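Visitor: Could you put the model up and walk me through it? I may jump between topics as we go.

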Amino acid sequence: MNTAILFDTMSIQQYVFGSNKLKDNLGASYIVEHVYKYLEEKVGIKSNELDIGYIGGGNALFFTTSEKKAKEIVKEFTTEILWKFSGLSVAAAVKGDFINEIDDYQSAIHKLFQALAENKGKHIPINTISSHGITDVCRFSSLSVENIQVYPDGKIELMSSLTAAKRLSENEVLKLGSALIKESKIPNIYQFADELDHLGQKKGEDSHIAVVHIDGNGFGKHFVNKESVRETKELSEKVKKAVKTAFIHLLLSYSENEEKIKHLLGDYNYYNNILPIRPIILGGDDVTFVCHGKLGIWFAEKFMENFNSNYIDDDSEIPFSSCAGIAVVKTKYPFYRAYQLAEELCNSAKSRRKKFMEEKETTDGGNWIDFQLAYSGLGNTLEEVRSLQYNNVAGFNRPYKIEDSESEYSFDKLKCLSDKLKAALPNSKIKDLREMLTKDKPSLNSFFEHLKHQHEDFKRDFATNNSTDIDTESNPFFDMIELLELYPTNLFK
């Protein structure tokens with residue numbers, strides 16, 4: 001089979017996160033993860049003329065007998081997607097005589113990706129039914145209603161074909177969740193939440209969730225540098241395994257520390273053993289999960305630590321690394337906007353990592369994290385949110401590096417400073433400090449003088465070595481204060 005077909009799933013984020021209903025997000029994620037297996041099983045079996053190269057990261061490489069056969073497969077597959085998975089789009093590129101270029105696999109796969117990029121720019125398919133004045137609107141997707149769902153209790157829901165397709169995967173999603181819990185070997189009494197309201201929030205007290213997006217560093221380059229389909233597939237499988245193992249490690253960390261953080265959870269979760277975290281995407285080096293608002297940073301840190309214990313090759317000294325963005329928002333905050341904010345935070349961490357590598361002249365940039373507590377209605381983008389909330393704020397130094405405790409960007413150092421601040425000042429003074437950090441410099445300095453005279457521990461821990469002045473550059477107070485709100489303080493060490 002010497003003809004290659006390269007597929008790419010388009011607009012995954014919009015498809016997966018376009019609803020505030022968790023079961024729809026999970027169903028969409030399941031479809032995205034398994035759509036190419038559907039191609040292999042349903043389309044490939046008919047002809048027995050389809051071999052799999054690799055599947056991963058929204059891409060899939062297949063091989064068939066001829067360009068004519070490849071185009072037939074693409075046509076049949078995309079037609080099936082249009083009928084069965086409304087709203088999902090894939091692009092494709094075909095290259096004949098691919099196997100003849102096996103001695104120069106990197107060049108061949110590069111040409112195939114170039115062709116794919118050109119095809120994606122030529123045509124954007126319309127794969128949802130347009131709304132008209134005579135149709136009702138699906139409250140989950142804002143598209144035209146084409147389906148009527150009748151439940152056993154007599155309840156009726158009107159929904160679009162896009163929402164209906166996502167709901168069809170509900171049972172498979174539940175099975176995968178149960179299998180993940182079983183494989184993690186945490187007590188089998190635990191279960192995943194199926195609603196955003198069931199992530200451990202305390203009713204009437206805490207209505208925040210954290211949307212966590214984690215992306216591997218430089219994996220695109222590592223895949224491009226592989227010299228054969230076999231090596232590409234092996235790395236793809238290795239990354240999948242590392243992601244799954246890291247998430248299992250995260251679940252174990254929660255189970256081991258549940259007693260320390262149970263005070264954060266509402267009674268519904270604690271007494272029904274519902275985990276305050278729900279994975280949405282665990283594929284390739286791209287990971288997204290949603291969890292209790294005060295556990296997002298801790299969960300991300302635990303995941304990244306375990307993921308970092310893997311290496312690109314068995315004989316390589318290059319470890320896996322990643323960057324994370326944690327958006328902490330109200331439960332009712334538009335979910336797609338929350339995901340976009342988490343993605344922007346992840347990109348912010350990647351930008352700081354790149355700058356760090358240039359400054360230190362190193363190829364090992366490590367793992368970086370950025371976080372943001374967003375207030376409803378204040379801006380759409382990360383830049384807008386921070387310009388509104390943190391304009392001219394003293395003591396703001398994000399993102400942070402997970403390792404390297406001596407660096408000014410060390411996350412461990414930030415945790416240590418936050419712990420000292422909590423011990424040095426009562427909560428009321430910490431709240432006052434947060435307010436004063438937004439004021440002019442003379443007012444802030446005056447408040448620092450007040451704190452130094454009343455709280456000796458504050459003066460001891462936060463004054464500069466050669467004077468009694470408080471240095472906000474060495475002491476990112478705003479980051480410390482928000483970390484105290486968003487991280488279980490009894491897990492700092």
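Visitor: Start with Ile 156: is Ile 156 buried or exposed?
Guide: Ile 156 counts as exposed because its relative accessibility is 54%, where exposed means over 50% relative accessible area, buried under 20%, and partly exposed in between, with a 1.4 Å probe and protein chains only as cover. Before going on, please note that this is a predicted model, in which local features need pLDDT of at least 70 and side-chain atom pairs count only at pLDDT 80 or more, while totals for chains, interfaces and linings use all residues. Residues are numbered from 1 along each chain as its sequence is written, and side-chain values use heavy atoms, with hydrogens and water left out.

Visitor: Which strand is Ile 156 in?
Guide: Ile 156 is found in strand β6; strands here are DSSP runs of E with at least two residues, helices are runs of H or I with at least four, and both are numbered from the N terminus.

Visitor: And which residues make the nonpolar surface patch?
Guide: Ile 148, Val 150, Ile 156 and Leu 158 make a nonpolar surface patch of about 390 Å², and the elements giving two or more residues to this patch are β5 (147-150) and β6 (156-159). Patch residues have over 30% relative accessible area and no salt bridge, and nonpolar side chains (Val, Leu, Ile, Met, Phe, Trp, Tyr) are joined within 5 Å, like charges within 9 Å. The accessible areas come from the Shrake-Rupley method with a 1.4 Å probe, and for residues only the protein chains shown count as cover.

Visitor: Switching to salt bridges, how many are there?
Guide: The count comes to 29 salt bridges, each being a side-chain nitrogen of Lys or Arg within 4 Å of a carboxyl oxygen of Asp or Glu.

Visitor: What does Arg 167 pair with?
Guide: Arg 167 forms a salt bridge with Asp 24, with the closest N and O atoms 2.4 Å apart. That pair links distant parts of the chain, since Arg 167 is in helix α5 (residues 161-167) and Asp 24 is in helix α2 (residues 22-47), 143 residues apart. Both ends are covered: Arg 167 is buried with a relative accessible area of 12%, and Asp 24 counts as buried at 2%.

Visitor: Where does Glu 485 sit, and what is its partner?
Guide: Glu 485 forms a salt bridge with Arg 434, the closest N and O atoms again given as 2.4 Å apart. Glu 485 lies in helix α17 and Arg 434 in helix α14, so the pair ties together parts that are 51 residues apart in sequence. Glu 485 is partly exposed, with a relative accessible area of 31%, whereas Arg 434 is buried at 18%.

Visitor: How covered is α17 overall?
Guide: α17 is mostly covered, with nine of its 10 residues buried; among them are Phe 477, Asp 479, Glu 482 and Leu 486.

Visitor: Last topic, which residues are closest to the centre of the second largest pocket?
Guide: The second largest pocket holds about 690 Å³ of space, and of its 25 lining residues the closest to the centre are Leu 264, Lys 294, Leu 484, Glu 485 and Leu 486. The elements that give two or more residues to this lining are α14 (427-436) and α17 (477-486).

Visitor: What counts as a pocket here?
Guide: On a 1 Å grid over the protein atoms alone, a pocket is an open set of points where a 1.4 Å probe fits, with protein on both sides within 12 Å along at least five of seven lines, and lining residues have an atom within 4 Å of a point.

Terms used. Grid points are joined across faces, edges and corners, and a volume is the space filled by probe spheres set on the points.
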